[in-house]
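Hello,

Here is the structure you were going to look at. My notes follow below it.

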Amino acid sequence: MLTSLLVFAGTALLFAMIPGPDFALILRVSLLHGRRPSIFAAVGIGCGLIVHTALSVAGLTAVIAHSPFLFKCITYAGAAYLAYIGLRSLLARPARPEAGEDGTDSGTGARTAQTAHPDDVSSRAAFVQGFLTNVLNPKAVIFFLTFLPQFIVADAPLSVPVQLLILGICMVLIVAVWFITLSLLLSRLRKYLESETFRRRLEVVTGTVFLGFSVKLLATSN
């Protein structure tokens, strides 16, 4: 059981590092909004995996995966949410021009709140984005249905649901730690990339990426 768990942990980390909607969200939130919101987004992703773990232990993951109606509902909801994030990024408003690059008002020289960008998100909003991006991802359903059972040990003293629970908890911790670490690393770069030109270009790039994920999700579902 221990050997299987170690192999699972290493494989799960590799899967977590593969760029996808979760990765793109952390990249966007870290570079645009800073450390605290990005950490909350990472925690939201972890909480989304908790939902998938609970569904897997209860046997509902298989029900969803084998139900064309339920699976398409999740697919369409996930695609719609990714498209929403993408369009919101593409339509993001530029910052007010009266604040200079050093955070001072060009007219009075008074210090302004440079971090108060019109499209900055709260920690709560970032958490919700992370949670919905993960929990509405139909690929996560397939992942929990096909990946976790491969590491079930038939002759282990623990029942299959308990083993699934342990594997799911490990998955949650691995993914959360990975994305929190990524958030901390990326947010350290934010102070060097605070120009409005960079923000706008990043919004366009990430918005296009999220729209691409949405279209790809719809295409693969058909």
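A definition comes first: helices (H or I, at least four residues) and strands (E, at least two) are DSSP runs, numbered from the N terminus. By that rule, S38 is found in helix α3.

This is a predicted model, in which local features need pLDDT of at least 70 and side-chain atom pairs count only at pLDDT 80 or more, while totals for chains, interfaces and linings use all residues. Residues are numbered from 1 along each chain as its sequence is written, and side-chain values use heavy atoms, with hydrogens and water left out.

Overall fold

The protein has 9 helices and 0 strands. Along the sequence the pattern reads α-α-α-α-α-α-α-α-α. Of the 222 residues, 41% are buried (under 20% relative accessible area; exposed is over 50%, partly exposed in between; 1.4 Å probe, protein chains only). Contact here means heavy atoms within 4.5 Å. Among contacts between residues at least 6 apart in sequence, 82% join residues at least 24 apart.

The core

A nonpolar core is a set of buried Ala, Val, Leu, Ile, Met, Phe, Trp, Tyr and Cys residues joined through side-chain atoms within 4.5 Å. The largest one has 38 residues. Which of them touch the most other members? They are F8, I26, L148, M171, V175 and F179. At least two residues of this core come from each of α1 (2–17), α2 (21–33), α3 (35–57), α5 (68–90), α7, α8 (160–187) and α9 (196–221). The most come from α8, with 11 residues. Take F8: not counting residues up to four places away in sequence, F8 touches F147, L148, F151, L167, C170 and M171.

Helix α7 covers residues 138–146. Its buried residues are P138, A140, V141, F143 and F144. At the start of α7, a side-chain oxygen of N137 comes to within 3.0 Å of the backbone nitrogen of K139. That is a polar contact: a pair of N or O atoms within 3.5 Å, where, within protein, one must be able to donate a hydrogen and the other to accept it, and residues adjacent in sequence count only if both atoms are side-chain atoms.

Rings of Phe, Tyr and Trp (its six-membered ring) pair if their centres lie within 6.5 Å; planes under 30 degrees apart count as stacked, over 60 as edge-to-face and the rest as tilted. How many aromatic pairs does the structure hold? There are 10. In one of them, the rings of F143 and F144 have centres 5.9 Å apart and planes at 70°, so this pair is edge-to-face. F143 has a relative accessible area of 16%. For F144 the value is 2%. One aromatic cluster takes in F8, F15, F143, F144, F147 and F151.

α3 against α6

Two packed helices are described by the angle between their axes and the distance between the axes. For α3 and helix α6 (residues 123–135), the angle is about 35° and the axes are 7 Å apart. Axes are lines fitted to C-alpha atoms, for helices over the stretch in contact, and angles run from 0 to 180 degrees between N-to-C directions.

Is S38 buried or exposed? S38 is buried, at 0% relative accessibility. A polar atom of its side chain lies 3.0 Å from the backbone oxygen of G34. Beyond its neighbours within four places in sequence, S38 is in contact with I26, V29, S30 and S183.

S214 lies in α9. At 5% relative accessibility, S214 is buried too. Leaving aside neighbours within four places, S214 contacts A79, L82 and A83.

G168 sits in α8 and is buried, with a relative accessible area of 0%. G168 touches T53, F144 and L148, residues up to four places away in sequence not counted. G168 and H52 are 116 residues apart in sequence, yet 8.1 Å apart in space, C-alpha to C-alpha.

G59 lies in the loop between α3 and α4 (60–65). G59 is partly exposed, at 33% relative accessible area. G59 and P161 are 102 residues apart in sequence and 8.5 Å apart in space, C-alpha to C-alpha.

Best wishes
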